[in-house]
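This report walks through one protein model, from its overall contacts to single residues. Please keep the structure open while reading.

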Amino acid sequence: MRIMGLDVGDKTIGVAVSDLMGWTAQGIETIRRGRLAADMERLKELVKAYEVERIVCGLPRNMNGTYGPRAEGIRDFGRVVGEKLDIPVDYWDERLTTVAAQKTLIAGDMSRAKRKQVVDKLAAVLILQNYLDAKAHQQAKAQRDARDDDGADSDNNDDRLDEV
């Protein structure tokens, strides 16, 4: 199942998609915002081209964990995306992803002009990768917990070795 990550801004939308296994995020493009209908049409094309089954929008939070007016705008955008594209939309904390993206690009000695072209796409990658990593961690924990529950009924499986 492919998942799409979005870093939604006033002027651009950074877009990333996961691999088929849902392990890694790759940057796809930066959409220049126009009319909402045009934004939806481009997202629809990308969802179809990459066979996306879920979208994750970066949700801006204040450093104290509260949500500001920008977060409500992102939720509204996500609701429209979900309705227009008939796809589930999740939200993921995007605090400091743009800062991390900028630092990564600066460390790579990328010029300011080139950074401006790709920073939103890289922020979308970071949002999506954080989401994928958290999801994988939750699944691994659930599997460990299920294994622990299954083993709780048998005191010690080493007794079987004595019978051999």
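## Overall picture

Among contacts between residues at least 6 apart in sequence, 60% join residues at least 24 apart. The model is a predicted one. The protein has 164 residues, and 34% of them count as buried. Its accessible surface comes to about 10,400 Å². Carbon and sulfur atoms hold 50% of that surface.

The protein contains five helices and five strands. Read from the N terminus, the order of elements is β-β-β-α-β-α-β-α-α-α.

## Confidence

Mean pLDDT for the protein is 84, and 78% of the residues score at least 70. Helix H1 (residues 36-50) has the highest mean pLDDT, 97. Helix H5 (residues 159-163) has the lowest, 39.

Over residues 156-164, pLDDT stays under 50. For this stretch the model has zero contacts beyond four places in sequence.

## The sheet

Five strands form an open sheet in the order S3-S2-S1-S4-S5. The pairing is mixed. Strand S3 (25-32) and strand S5 (89-93) stand at the edges. Each has a single partner strand, so one side of each is left without a neighbour in the sheet. From one strand to the next, the twist averages 25 degrees.

Strand S1 (residues 2-8) and strand S2 (residues 12-18) pair in the antiparallel sense, over five bridges. Gly5 has Ala16 of S2 as its bridge partner. Asp7 has Gly14 of S2. S1 and S2 form a hairpin, with three residues between them.

S2 and S3 also run antiparallel, joined by seven bridges. One of the bridge pairs links Ser18 with Ala25 in S3. The hairpin of S2 and S3 has six residues between the strands. In this hairpin, Gly22 takes a positive phi near 75 degrees.

## Strand S2

How many of the residues of S2 are buried? The count is seven of seven, and the strand is mostly covered. Thr12, Gly14, Ala16 and Ser18 point one way from S2. Ile13, Val15 and Val17 point the other way. Residues of both sets are buried.

## Helices on the sheet

Which strands does H1 lie across? They are S1, S2, S3 and strand S4 (52-59). H1 runs at about 155 degrees to S3. Helix H2 (residues 69-85) packs on the sheet as well, touching S1, S2, S4 and S5. The direction of H2 makes about 170 degrees with that of S4.

## Nonpolar cores

The largest nonpolar core has 22 residues. Met4, Leu6, Val15, Leu43, Ile55, Phe77 and Val81 touch the most other members. S1, S2, H1, S4 and H2 each supply at least two residues of this core. H2 gives the largest share, five residues. In soluble globular proteins, nonpolar side chains tend to be buried together.

Leaving out residues up to four places away in sequence, Val81 touches Met40, Leu43, Ile55, Asp86, Ile87 and Val89. Another core, of 10 residues, lies apart from the largest one. Among its members are Ala25, Ile127, Leu128 and Tyr131.

Lys103 lies in helix H3 (residues 97-107). Is Lys103 buried or exposed? Its relative accessibility is 59%, so Lys103 counts as exposed, the cut-off being over 50%.

Val119 is found in helix H4 (residues 112-151). Val119 has a relative accessible area of 7%, so this residue is buried, the cut-off being under 20%.

Two C-alpha distances place Val119. Lys103 and Val119 are 16 residues apart along the chain, and their C-alpha atoms are separated by 9.8 Å. Val119 and Asp7 are 112 residues apart along the chain, and their C-alpha atoms are separated by 9.8 Å. Asp7 is the residue whose bridge partner in S2 is Gly14.

Notes:
Residues are numbered from 1 along each chain as its sequence is written. This is a predicted model: local features need pLDDT of at least 70, side-chain atom pairs count only at pLDDT 80 or more; totals for chains, interfaces and linings use all residues. Side-chain values use heavy atoms; hydrogens and water are left out. pLDDT is the predictor's confidence in each residue, from 0 to 100. Helices (H or I, at least four residues) and strands (E, at least two) are DSSP runs, numbered from the N terminus. Contact means heavy atoms within 4.5 Å. Buried means under 20% relative accessible area, exposed over 50%, partly exposed in between (1.4 Å probe, protein chains only). Accessible areas come from the Shrake-Rupley method with a 1.4 Å probe; for residues, only the protein chains shown count as cover. Two strands pair if DSSP finds at least two bridges between them. Axes are lines fitted to C-alpha atoms, for helices over the stretch in contact, and angles run from 0 to 180 degrees between N-to-C directions. A nonpolar core is a set of buried Ala, Val, Leu, Ile, Met, Phe, Trp, Tyr and Cys residues joined through side-chain atoms within 4.5 Å.
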